[in-house]
Amino acid sequence: MNVTLHTPRFVLRQPQMGDAEPIARYLNDFAVSGNLARVPFPYHLSDAKAWLNTRRADLPAEATNFAIDLPDQGLVGQVGFHQGAEGPIIGYWLGQPFWNRGIMTEAVIASLDWLFSVSDAPAVYSGVFHFNAASLAIQTRLGFTQTGRSTLLCLARGAEVEHIDTIMTRSVWKARDK
């Protein structure tokens, strides 16, 4: 889908080939990529370009990704969805210089508002590696429920890592205090 979302502080827009350099710069930081399942480390410009080549306007909502575009900064991270076995999975990352500013919470809220408004998905799945307290805090603050633990391959670490599995149901999302 080709959609742009506006939040109070930034724009969520479709990733484009011109984003390859900042994507590669921020994901070639083990403090970022080591928290993600599907991102290798080191992360190269060619990795960013290969991923960007998979982004198309005809993808369904459940496979839509957004570049987090800050005024005067450009791309600083990503939030988006991919299809899992049980439904859409939300994933996200933010360049380390932009951590601890509430940016990701704002981006996740906007993207979930959008997904639940344009799809009939009854729930969105997510989770964090057991050591990623900051990401778990975002999900807890927004009302995600822990559903269990599993192991998940972390490409950057080259190992199976304990993962805290979470879910956000449509009904919980719609009932939350804004």
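Leaving aside neighbours within four places in sequence, serine 33 is in contact (heavy atoms within 4.5 Å) with Leu27, Val39, Pro40, Phe41, Cys154 and Ala156. Serine 33 belongs to helix H2, residues 30–33; helices (H or I, at least four residues) and strands (E, at least two) are DSSP runs, numbered from the N terminus. With a relative accessibility of 0%, serine 33 counts as buried, where buried means under 20% relative accessible area, exposed over 50%, and partly exposed in between (1.4 Å probe, protein chains only).

A word on the basis of these values is in order. The model is a predicted one, in which local features need pLDDT of at least 70 and side-chain atom pairs count only at pLDDT 80 or more, while totals for chains, interfaces and linings use all residues. Residues are numbered from 1 along each chain as its sequence is written, and side-chain values use heavy atoms, with hydrogens and water left out.

We turn next to the interior. A nonpolar core is a set of buried Ala, Val, Leu, Ile, Met, Phe, Trp, Tyr and Cys residues joined through side-chain atoms within 4.5 Å. The largest such core has 44 residues, and those touching the most other members are Leu12, Ile68, Val79, Ile90, Met104 and Leu112. Two or more residues of this core come from each of helices H1 (20–27), H3 (45–52), H4 (103–118) and H5 (133–142), and from each of strands S3 (65–70), S4 (74–83) and S5 (88–94). Helix H4 provides the largest share, 9 residues. Apart from this core lies another, of 5 residues, among them Ala37, Phe129, Cys154 and Val161.

Asparagine 65 lies in strand S3 and is buried, at 13% relative accessible area. Beyond residues up to four places away in sequence, asparagine 65 touches Arg13, Gln14, Pro15, Trp51, Arg55, Gln78, Val79, Gly80 and Phe81.

Salt bridges come next, each being a side-chain nitrogen of Lys or Arg within 4 Å of a carboxyl oxygen of Asp or Glu. The whole structure holds 6 of them. In one, arginine 9 pairs with glutamate 106, the closest N and O atoms being 2.7 Å apart. This pair links distant parts of the chain, 97 residues apart: arginine 9 is in the loop between strand S1 (5–6) and strand S2 (11–13), and glutamate 106 is in helix H4. Arginine 9 is partly exposed at 37% relative accessibility, whereas glutamate 106 is buried at 15%.

Aspartate 69 and arginine 13 meet in a further salt bridge (2.6 Å, N to O). Here, too, distant parts of the chain are linked, with aspartate 69 in strand S3 and arginine 13 in strand S2, 56 residues apart. Arginine 13 is buried, with a relative accessible area of 12%, and a network of salt bridges links Arg13, Asp19 and Asp69. Aspartate 58 and arginine 56 also form a salt bridge, their closest N and O atoms being 2.9 Å apart. Aspartate 58 is exposed at 56%, and arginine 56 partly exposed at 47%.

Finally, strands S7 (residues 145–154) and S8 (residues 159–169) run antiparallel and are joined by 9 bridges; two strands pair if DSSP finds at least two bridges between them. Serine 150 stands opposite histidine 163 in S8. The hairpin of S7 and S8 has 4 residues between the strands, and glycine 158 takes a positive phi near 65° there.
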